Amino acid sequence: ATHALDLPPAPPRPYPRLVRPAPALELTDQHGATFDLAARRGRPAIVTFAFAHCAAVCPLVVQDALRARDLVRDLDPVLAIVTLDPWRDPPARLPAIAEHWRLTGDVVVLSGDVARVEAALDAWQVARARDSLTGDVAHPPLVYLIDRQGRIAYAATGDATTIAELLKRL
């Protein structure tokens, strides 16, 4: 049984809210289609960043984002996961990545050519450092929550409960 003390605390009430336009996000999804975040305006969105070869932070980030989406299914949030490693996660590998991460419904994993993905990551201000020898990418477990008007409302690094609570505040 889960006790109240076992649950992570809710994010503080005055959680810092950002209100800036979400940058463009147009990349290829695991179905080979072009995903355009702007076309999903009117729905809240979770945008996060991960890569398939990551064995540490990325699986947790992806699972927390999926669980958060499930916790607020009534809000019908978009969930987009952008690769941090377009060198090893090209569009052709996205179907296998989506299957590995158990992405269902309209949850997308996104990639494209290296220049496009890097430009998108820069526009979204995603801090990262790629090790040229191993290909691994050091990065924070960043999750952006986008409101129905297409603005970044929150940047979070929390668990599923925190992400879900912040989505409810949109």
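**Charges, burial and strand pairing in a predicted model**

Biologist: How far apart are the mean positions of the positive and negative charges of the protein chain?

Modeller: In this predicted model, the mean position of the 19 positive charges and that of the 20 negative charges are 5 Å apart. The positive set holds Lys and Arg, and the negative set Asp and Glu.

Biologist: What makes the radius of gyration of the protein chain agree with that of a compact globule?

Modeller: For 170 residues, a compact globule would have a radius of gyration near 15 Å, and the protein chain has 15 Å, so the value agrees. Along the principal axes, the C-alpha atoms fill a box of roughly 45 × 35 × 30 Å. The protein chain exposes about 8,500 Å², of which carbon and sulfur atoms supply 55%. Of its 170 residues, 44% count as buried.

Biologist: How many helices and strands does the protein chain have, and what pattern does the chain follow?

Modeller: The protein chain has 4 helices and 10 strands. Along the sequence they follow the pattern β-β-β-β-α-β-α-β-α-β-β-β-β-α. As for contacts between residues at least 6 apart in sequence, 71% join residues at least 24 apart.

Biologist: Why is A156 called buried?

Modeller: The cut-off for buried is under 20% relative accessible area. A156 has 1% relative accessibility, therefore it counts as buried. The residue belongs to strand β10, residues 151–156.

Biologist: Which residues is A156 in contact with, leaving aside neighbours within four places in sequence?

Modeller: Contact requires heavy atoms within 4.5 Å. On that basis A156 is in contact with Y15, P141, L142, V143 and L166. P141 is 15 residues away along the chain, and its C-alpha atom is separated from that of A156 by 8.2 Å.

Biologist: Which way do the residues of strand β9 point, and are they buried or exposed?

Modeller: V143 and L145 point one way from β9 (residues 143–146), Y144 and I146 point the other way, and all are buried. Strand β9 also pairs with β4 (residues 45–50), in the antiparallel sense over 4 bridges. In that pairing, V47 stands opposite Y144.

Biologist: What is the order of the 6 strands in the open sheet, and what is the pairing?

Modeller: The order is β1-β10-β9-β4-β5-β6, and the pairing is mixed.

Biologist: What makes β1 and β6 edge strands?

Modeller: β1 (20–21) and β6 (108–110) each pair on one side only. For β6, the partner is β5 (residues 78–83), in the parallel sense over 3 bridges. I81 has V109 in β6 as its bridge partner.

How values were computed
Residues are numbered from 1 along each chain as its sequence is written. This is a predicted model: local features need pLDDT of at least 70, side-chain atom pairs count only at pLDDT 80 or more; totals for chains, interfaces and linings use all residues. Side-chain values use heavy atoms; hydrogens and water are left out. Helices (H or I, at least four residues) and strands (E, at least two) are DSSP runs, numbered from the N terminus. The radius of gyration is taken over C-alpha atoms; the globule rule is 2.2 Å times the number of residues to the power 0.38. Buried means under 20% relative accessible area, exposed over 50%, partly exposed in between (1.4 Å probe, protein chains only). Accessible areas come from the Shrake-Rupley method with a 1.4 Å probe; for residues, only the protein chains shown count as cover. The place of a charge is taken as NZ of Lys, CZ of Arg, CG of Asp or CD of Glu. Two strands pair if DSSP finds at least two bridges between them.
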